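Here is a short briefing on the structure shown below. It goes topic by topic.

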Protein chains: 2
Amino acid sequence: MGLIVHKYGGTSVADIEKIRNVATKVIKAKKDGNDVIVVLSAMAGETDKLIQLAFQASDDPVGREYDSLISTGEQVTVSLLSMILNKMGYRTKSFLGYQIRILTDKNYKNARILDIETKAIENELQKGSIIVVAGFQGVDEDNNITTLGRGGSDTSAVALAAALKAHACYIYTDVNGVYTTDPGICEKARRLSKISYDEMLEMARAGAKVLHPRSVELAKKYGVPVYVKSTFIDDEGTLVVKEDKDMEKEVVSGVSYDRDQAKITVSHVPDKPGIAASLFTPLAQKNIVVDMIIQNASSEGYTDLTFTVSKKEIKEAQQIVEETAQYIGAAKVEVDDTVAKISIIGVGMISHSGVAAKMFAALSNEGINIMMISTSEIKISCVIKAKYTELAVMVLHETFGLDQKA
Amino acid sequence: MGLIVHKYGGTSVADIEKIRNVATKVIKAKKDGNDVIVVLSAMAGETDKLIQLAFQASDDPVGREYDSLISTGEQVTVSLLSMILNKMGYRTKSFLGYQIRILTDKNYKNARILDIETKAIENELQKGSIIVVAGFQGVDEDNNITTLGRGGSDTSAVALAAALKAHACYIYTDVNGVYTTDPGICEKARRLSKISYDEMLEMARAGAKVLHPRSVELAKKYGVPVYVKSTFIDDEGTLVVKEDKDMEKEVVSGVSYDRDQAKITVSHVPDKPGIAASLFTPLAQKNIVVDMIIQNASSEGYTDLTFTVSKKEIKEAQQIVEETAQYIGAAKVEVDDTVAKISIIGVGMISHSGVAAKMFAALSNEGINIMMISTSEIKISCVIKAKYTELAVMVLHETFGLDQKA
């Protein structure tokens, strides 16, 4: 009992009947004695429709107008849920980003929350209302609507939970928790009952789609317990929390993959200070996120640089890199968009040696060539040919004993 | 040259191609040396879709949530037009009700504009921007979204023209002006090149759908010249302005009809002071607009009251009236929703006698029974059986010589 946040994704509010189902779940939580804040996404498919309209209007839609357009999807669902809750006899009020106000920077399409004013919501909670909040959207200091990027509604939910000191944040979605790997490609995948923020973060970054990385960062920063649960099946789900003793026993908690990867290699770059900066600064200015970066050992004053970006941004990235390559005197720019990233994640790696070696051997045994490697304290990622993705997932899942209950 | 307001209705922004056409017209006005504010409706059909969703959610949707929901349609079109103008090389910015801010009262679904802050728009105009404004919407003092009722975008446009002291307001629509009557049912209908505010107001109230009555009231109050023009045909349209000498020559300028009428008769009401108030106050409290009211001469301390309301509100009205009738001791409540209102309008009526008699005779000659009559200085309306609507329009159009050029 206390204040809790529920977040429902697009498939959970896809039509009026589904929104009615959400209302039932919210009312149950309210009847259990909780104060409830509900954060909603747009109806499944709606945001994509709006994005299509934007690109019919312009091949390069202005960020401010784009955000104002695509934020309408959430405005629709929160009004509808609020009407339904009201009809069912509950006091309720919907809030848009600017009405709360969820203040963000001016980085349209991918804005960051700077501050959340809690007064308006607190006043309504005191009156006993169920609060319904449009996810994904905020407002900048000049009253322009901003959006938080893909998966932004998760971020809205966790940020509200943190700002209002909620006891927990429930992310209701179309899967019933976080799995050791994608059950869609590995039938032995097992649901985790608990996972640490850091592992979840690495999994999310490594391609697991269940939670948006930024929402996990926020949950970790403010210590918000996050439950990932199914909207449609009554199941315990997965709890994302601070690392505890139980977790340390497991060396590897999960295997993730990301097919949305493309690799760019810039060859024979004169090896001078500032070369990396001159390559990556123009990409950063266009908000192109570079994932893995590898610089080969320099020979005779030259070096090779390889890095990965999202497949969606490969054309723009290639154009920018080719311009820069010419400018810095590199010999060649090569692009490969038939790659995938495969990662193993686990807090136990810190205290266990030989995990990386075991991973490389397992892939090698199946004849899978490793093109790039990058490691963090609790994650090892390899770039491989995309066609080996499923095979690699299954092999690693078995190699690290993920199909057996811990 | 100077500041002008363009308003485009739903059929003019029905898809991206049509919005591109709007952009072309707006750019032409800009190139002619004008500062331009564009007010848009939602894409044709969108508002109806949203209203359907609302009524699927609840048979009595909360006003605040309803307005937040149905205001999204205009948010979509203004973002899209702004993107297109930007892509065509023009500086532009879209504004929502709360961003301007168009302050209204809290009468959701049918709010009235109280004040328009002009600073944000003036700043953008000074930078040379084309301003694109979401019609139909405003914001109340507590930052809740409100909507202005059917035809509200006309009102937004005229109110902005008044607040910003624009030279003129152009209402672009799917007809090319104001006609002597509906060309859809009378092929001899003739487009008027000019009409006075008062006549336009009476025509709009009497059922002509080309302009919303409230927008005409505002135009009259602030002396904003309004041009009604076609978005699709390059034609001179109709100018709605202050009465001038030319107009006085015409006795009758137009024939209007309204099929959205239902008649309620309350019989044998004890004729005491306050009876009318006790009947009409509960209707007013539910925002049901009563149009014509007739009270028959009292006999033996009793009277009959007949009045008309919109067909859409007849059920709610009947329920309220039946309760009141019982309370005040009336004998009977009868409802007839097979009626229509037919009106002739003209500033010339003031100085010409016999116009009413001529109208009644013309209807009578065709065997059309008149059930109710109401008159104003420049309008005479009769309630007749709905099935005679077209016949009545054609007869009156001919009787008053409207098919001949004035």
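Ile345(A) stands opposite Lys379(A), a residue of β18(A). This is a predicted model.

**Strand pairing in chain A**

- The strand β16(A) pairs with strand β18 (residues 379–385) of chain A. The sense is antiparallel, over seven bridges.
- β16 (residues 332–345) of chain A also pairs with strand β13 (residues 254–270) of chain A. That pairing is antiparallel too, and it runs over 11 bridges.
- Val255(A) has Ile344(A) as its bridge partner in β16(A).
- In a regular strand, side chains alternate between the two faces of the sheet.

**The sheet in chain B**

- Six strands of chain B make an open sheet. Their order is β14-β15-β13-β16-β18-β17, with antiparallel pairing.
- The edges are β14 (290–295) and β17 (372–376) of chain B. Each of these edge strands pairs on one side only.
- On average, neighbouring strands of this sheet are turned by 30° against each other, direction ignored.
- Within the sheet, β13 (residues 254–270) and β16 (residues 332–345) of chain B run antiparallel and are joined by 11 bridges.
- Gly254(B) stands opposite Ile345(B), which belongs to β16(B).

**Helices on the chain B sheet**

**Helix pair α7 and α9 in chain A**

- Two packed helices are described by the angle and the distance between their axes.
- The axes of α7 (residues 152–163) and α9 (residues 213–222) of chain A come within 8 Å. They cross at roughly 10°.
- An angle under 35 degrees counts as roughly parallel, so α7(A) is roughly parallel to α9(A).
- The crossing of α7(A) past α9(A) is left-handed.
- From α7(A), the contact uses Asp154(A), Thr155(A), Val158(A), Ala159(A) and Ala162(A). From α9(A), it uses Arg214(A), Ser215(A), Leu218(A), Ala219(A) and Tyr222(A).
- By class, the residues of this contact are six nonpolar, two polar and two charged.

**Helix pair α8 and α9 in chain B**

- The axes of α8 (residues 197–205) and α9 (residues 213–222) of chain B come within 9 Å and cross at roughly 165°.
- Angles over 145 degrees count as roughly antiparallel, and α8(B) and α9(B) are therefore roughly antiparallel to each other.
- α8(B) passes α9(B) in a left-handed crossing.
- α8(B) brings Tyr197(B), Met200(B), Leu201(B), Ala204(B) and Arg205(B) to the contact. These meet Pro213(B), Val216(B), Glu217(B), Ala219(B) and Lys220(B) of α9(B).
- The residues of the contact between α8(B) and α9(B) are seven nonpolar and three charged, with no polar ones.

**Backbone features**

- The peptide bond from Ile100(A) to Arg101(A) is cis, and omega is near 5°. Arg101(A) sits in the loop between α5 (97–100) and β4 (102–104) of chain A.
- Chain B has a cis peptide bond between Ile100(B) and Arg101(B), with omega about 10°. Arg101(B) lies in the loop between α5 and β4 (102–104) of chain B.
- Phe136(A) is not a glycine, yet has a positive phi of about 80°. Phe136(A) is in the loop between β6 (130–134) and β7 (137–139) of chain A.

**Interface and symmetry**

- The contact between the chains involves 25 residues of chain B and 25 residues of chain A.
- On the chain B side, α2 (46–57), α3 (63–70), α4 (72–87) and α5 (97–100) each supply at least two residues. α4(B) gives the most, with 10 residues.
- By class, that side of chain B has 12 nonpolar, 11 polar and two charged residues.
- Chain B superposes on chain A by a rotation of 180° with 0.1 Å of shift along the axis, at RMSD 0.1 Å. That is the relation of a two-fold axis.
- Which residue of chain B comes closest to the rotation axis? Thr72(B) does, with its C-alpha at 2.8 Å.
- The copies meet through the same surface, because 100% of the interface residues of chain B are also interface residues in chain A.

Methods
Residues are numbered from 1 along each chain as its sequence is written. Chains are lettered from A and ligands numbered from 1 in the order in which they are written. This is a predicted model: local features need pLDDT of at least 70, side-chain atom pairs count only at pLDDT 80 or more; totals for chains, interfaces and linings use all residues. Two residues are in contact if their C-beta atoms, placed from the backbone, lie within 7 Å. Helices (H or I, at least four residues) and strands (E, at least two) are DSSP runs, numbered from the N terminus. Ala, Val, Leu, Ile, Met, Phe, Trp, Tyr, Cys and Pro count as nonpolar, Asp, Glu, Lys and Arg as charged, and the others, Gly among them, as polar. Copies are superposed by least squares on the C-alpha atoms of residues with pLDDT of at least 70 in both. Axes are lines fitted to C-alpha atoms, for helices over the stretch in contact, and angles run from 0 to 180 degrees between N-to-C directions. Angles under 35 degrees count as roughly parallel, over 145 as roughly antiparallel, 65 to 115 as roughly perpendicular and the rest as oblique. A crossing is left-handed if the near helix is turned anticlockwise from the far one by less than a right angle, and right-handed if clockwise. Two strands pair if DSSP finds at least two bridges between them.
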